[in-house]
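Have the sequence and the 3D view ready as you read.

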Amino acid sequence: METVLLAPGHAEAVNRRRRIVVQNDLMGEIMELFGCDPGKLLEIAFHFVDEPGSQIDSIVWDIDYFLPKDGVTANAGIRKWREQGIDIVALLLKEARKRGLESIWNHRIAEVDFGANGVGLGLETKSRRKVEHPDWVVRSWWWQGLWNLASPGLREYKLHYLRDVAERYEIDGIQLDFSRHVPCLPVGQQWEHRAHATAFVEMVRRMLLEVEAAQGRPLLLAAKVPENLEGCRIDGLDVAAWAEQRLVDIYTLGSRTIDVDIAAFRRITEGRNIKLYPCHDDHHATDGYRYPPIEFFRGVFGNWRQQGADGVGTFNWASATVDVYASGGAKRYAGGPPSQRQAYREVGGMDTMRFKDKTFVVQRRGGYPWAEGYFNRNDHAALPAVLPNDGRSLELTLAVCDDVASLTDRVTQATLLLVLYGASSGDRLEIAVNGVVVDIDGFDREWKDPQIFSPKPQPASGGNGLYTTDPEQRLCAAALSPSPGLFKPGVNRIDVRVAERGVYRPGQNIVLEKLELGIKYIPETADTGRGG
């Protein structure tokens with residue numbers, strides 16, 4: 001395969017400023033507003049973008065379902081707009097251009113099937129196209145099967161659709177979204193079939209370059225892929241080959257994860273002008289951290305920027321406040337927490353997070369049944385973890401973006417918190433930070449966390465985001481006050497050891513559910529505004 005040649009103006013488009021890239025899925029809004037005045041949808045879609053201090057520079061429009069499939073528009077609200085001569089896609093793109101925003105079209109590689117209203121899951125009706133083309137389908141967790149990129153016919157079908165989008169609308173590029181869903185290649189043979197996924201990426205790249213030449217403006221290609229090279233291999237995505245052959249301009253890294261191997265992607269893209277944007281999903285969130293406070297977001301996005309990301313991305317975040325949603329008649333779809341709104345003014349740059357309180361956590365796994373492969377599952381996360389009963393330490397790593405040790409004059413408090421299940425009053429723990437043992441200040445044996453369900457399994461992520469506390473929950477929290485000087489920017493080692501069990505019976509283990517480091521600062525006196 002020959003390396004793709006890019007036009008001189010292409011590099012300038014790749015290098016646009018993208019502090020925050022928002023993947024905007026308006027499905028919830030469409031379900032609620034259902035063919036309302038399109039002006040209300042536009043108000044909602046751009047509300048956070050338009051707020052003072054917003055650091056949003058790019059929108060990935062995740063609205064494939066807005067367009068007819070095989071000439072049919074299933075959703076009645078979208079159909080109503082079309083009958084009135086309203087092209088809602090063109091309106092959204094026009095409003096984005098007015099604001100100087102980049103617009104990327106998102107294409108879900110293996111989406112589940114939509115229901116009769118065009119937005120929900122198709123739980124009753126078989127997909128006509130999947131029935132007609134069984135070779136286009138890979139059998140997996142989704143009852144109708146998912147799209148199979150090993151099929152040449154499917155690749156051509158998708159290419160035709162994406163060419164139509166690129167030629168019809170004034171977009172700045174296309175993102176191939178492999179997070180929705182895996183598998184997209186034969187199960188158990190994904191890596192053996194990687195050439196088929198590569199062939200499709202090359203087809204889309206060359207098509208976009210043809211349209212780019214005809215229209216006289218750059219068209220970028222992004223790929224949303226798993227957060228590390230191992231995960232890409234499991235799912236059959238040869239991201240190193242894509243980079244070597246210059247098939248992509250942007251890698252969107254991960255979605256339902258806070259641990260992203262930016263350094264590995266930087267190695268395979270070195271010298272090729274490919275941008276890296278790790279992404280955070282706050283609907284199918286990292287287990288235990290759905291709708292978190294702003295300190296969590298600062299820690300996650302700050303780590304990514306410190307690790308070398310070119311910018312950061314969001315997915316499944318609200319676009320507006322609860323009041324703005326309600327003003328359009330939305331009742332069920334109430335938007336996200338206030339911390340999302342605040343994050344859009346802060347997390348696009350390290351300077352706008354400087355001297356602001358942060359929380360750094362060790363990732364938790366579980367709770368994502370909608371995949372067969374690697375993407376989104378977080379199966380390799382370190383927590384929850386059973387603590388050894390034989391005196392050995394559980395070794396964990398904790399990423400910290402700030403140089404806390406050099407900021408001791410600004411740090412007012414450092415708190416290390418361990419949330420445990422199964423610990424009794426006679427148990428004695430030993431915790432070390434980068435080899436230094438730190439005394440435990442005390443235990444809270446009435447600790448509650450509505451997003452921890454032990455001893456029951458963690459439920460599937462998603463839903464309405466409302467959690468209730470079980471009054472019978474039996475967790476224990478251990479709090480420590482380590483010296484800020486113990487921490488370094490980057491990876492820190494935390495060792496947790498059971499020094500003594502009070503009462504131990506076989507099978508009654510202590511489970512470490514969460515580990516968090518909170519850093520509190522003396523704040524700066526002046527807000528840094530839109531900088532970053």
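Predicted model: local features only at pLDDT ≥ 70, side-chain atom pairs only at ≥ 80, totals over all residues.

Residues are numbered from 1 along each chain as its sequence is written, and side-chain values use heavy atoms, with hydrogens and water left out.

**Charged pairs**

Side chains of opposite charge can pair when their charged atoms come close. Here, a salt bridge means a side-chain nitrogen of Lys or Arg within 4 Å of a carboxyl oxygen of Asp or Glu. How many salt bridges does that rule give? The count comes to 41.

| Pair | N to O distance |
|---|---|
| D357 and K520 | 3.9 Å |
| R377 and D379 | 2.8 Å |
| R474 and E472 | 3.6 Å |

Start with the salt bridge between D357 and K520. D357 sits in the loop between α15 (338–343) and β11 (358–361), and K520 belongs to strand β20 (residues 511–521), so this pair ties together parts 163 residues apart in sequence. As for those labels, helices (H or I, at least four residues) and strands (E, at least two) are DSSP runs, numbered from the N terminus.

Are these side chains buried or exposed? Buried means under 20% relative accessible area, exposed means over 50%, and partly exposed is in between (1.4 Å probe, protein chains only). With 19%, D357 counts as buried, whereas K520, at 40%, is partly exposed. In the R377 and D379 pair, R377 has 22% and is partly exposed; D379 is partly exposed too, at 41%. E472, the partner of R474, counts as exposed at 54%.

Salt bridges can also join up: R16, R18, E102 and D172 are linked in a network of them.

Now for the backbone. The peptide bond from V182 to P183 is cis, with omega near 10°, and P183 is in the loop between β6 (173–177) and α9 (194–215). Another cis peptide bond joins S454 and P455, with omega about 5°; P455 lies in the loop between β17 (440–447) and β18 (475–480).

Next, look at phi. N273 is not a glycine, yet its phi is positive, near 55°. You'll find N273 in the loop between α12 (262–269) and β9 (275–281), partly exposed at 30%. Y291 isn't a glycine either, and has a positive phi of about 50°. Y291 is in the loop between β9 and α13 (294–306), and is partly exposed with 27%.
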